[in-house]
Amino acid sequence: MNQERVFQVLVGPHVSEKAANVAEDGNQYVFKVALNATKSEIKTSVEQLFKVKVDDVRTLRVKGKTKRNRFGLTTKPSWKKAYVRLEQGQEIDFAAMS
């Protein structure tokens, strides 16, 4: 995988209460990823960008919500998220990266 694709796969970390609980309990991190990203691409991207070893990747598509406004019904875009489990003893520190 080329270096340009590595940066296109990961859109950013997904911050929510559920993501915080998962990170605390199971050494997992949640990322927003590109819709066409595969599990192997996500794994190599995280390993190259954060210099960690990935144990498991689980992905799911989040369907965009339908909203009503004065112009009628509109749909928010669908997106994909990935639960990335790191090997024992590995850790990603987002605070040190900024």
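With which side chain does the side chain of arginine 5 make a polar contact? I looked this up and found the side chain of glutamate 41, at 2.9 Å. I took a polar contact as a pair of N or O atoms within 3.5 Å; within protein, one must be able to donate a hydrogen and the other to accept it, and residues adjacent in sequence count only if both atoms are side-chain atoms.

**Basis of the entries.** I worked from a predicted model, in which local features need pLDDT of at least 70 and side-chain atom pairs count only at pLDDT 80 or more, while totals for chains, interfaces and linings use all residues. Residues are numbered from 1 along each chain as its sequence is written, and side-chain values use heavy atoms, with hydrogens and water left out.

**Overall layout.** I noted four helices and six strands in the protein chain. Helices (H or I, at least four residues) and strands (E, at least two) are DSSP runs, numbered from the N terminus. Their order from the N terminus is α-β-α-β-α-β-β-β-β-α. Along its principal axes, the C-alpha trace spans about 50 × 35 × 25 Å. Of the 98 residues, 33% are buried; buried means under 20% relative accessible area, exposed over 50%, and partly exposed in between (1.4 Å probe, protein chains only). I also looked up contacts (heavy atoms within 4.5 Å). Among those with a separation of 6 or more, 61% join residues 24 or more positions apart.

**Salt bridges.** I found two salt bridges in the structure, each being a side-chain nitrogen of Lys or Arg within 4 Å of a carboxyl oxygen of Asp or Glu. One joins arginine 5 to glutamate 41, with the closest N and O atoms 2.9 Å apart. This pair links distant parts of the chain, since arginine 5 is in helix α1 (residues 3-9) and glutamate 41 in helix α3 (residues 39-50), 36 residues apart. Both arginine 5 and glutamate 41 are buried. Arginine 5 counts as buried because its relative accessible area is 16%. Beyond residues up to four places away in sequence, arginine 5 touches Asn36, Ala37 and Glu41.

The other salt bridge is between aspartate 56 and arginine 58, where the closest N and O atoms lie 3.2 Å apart. I checked the exposure of both partners. Aspartate 56 has a relative accessible area of 29% and is therefore partly exposed. Arginine 58 reaches 51% and so counts as exposed.

Leaving aside neighbours within four places in sequence, serine 45 is in contact with Met1, Val6, Val9 and Leu10.

I then turned to the largest nonpolar core, which has 17 residues. A nonpolar core is a set of buried Ala, Val, Leu, Ile, Met, Phe, Trp, Tyr and Cys residues joined through side-chain atoms within 4.5 Å. Those with the most contacts inside this core are Phe31, Ile42, Val46, Val84 and Ile92. At least two core residues come from each of β2 (28-33), α3, β3 (54-62) and β6 (79-86).

**A charge over a ring.** Lysine 32 lies over the face of tryptophan 79, 5.1 Å from the ring centre. I applied the rule that NZ of Lys or CZ of Arg is within 6 Å of the ring centre and within 35 degrees of the ring normal.
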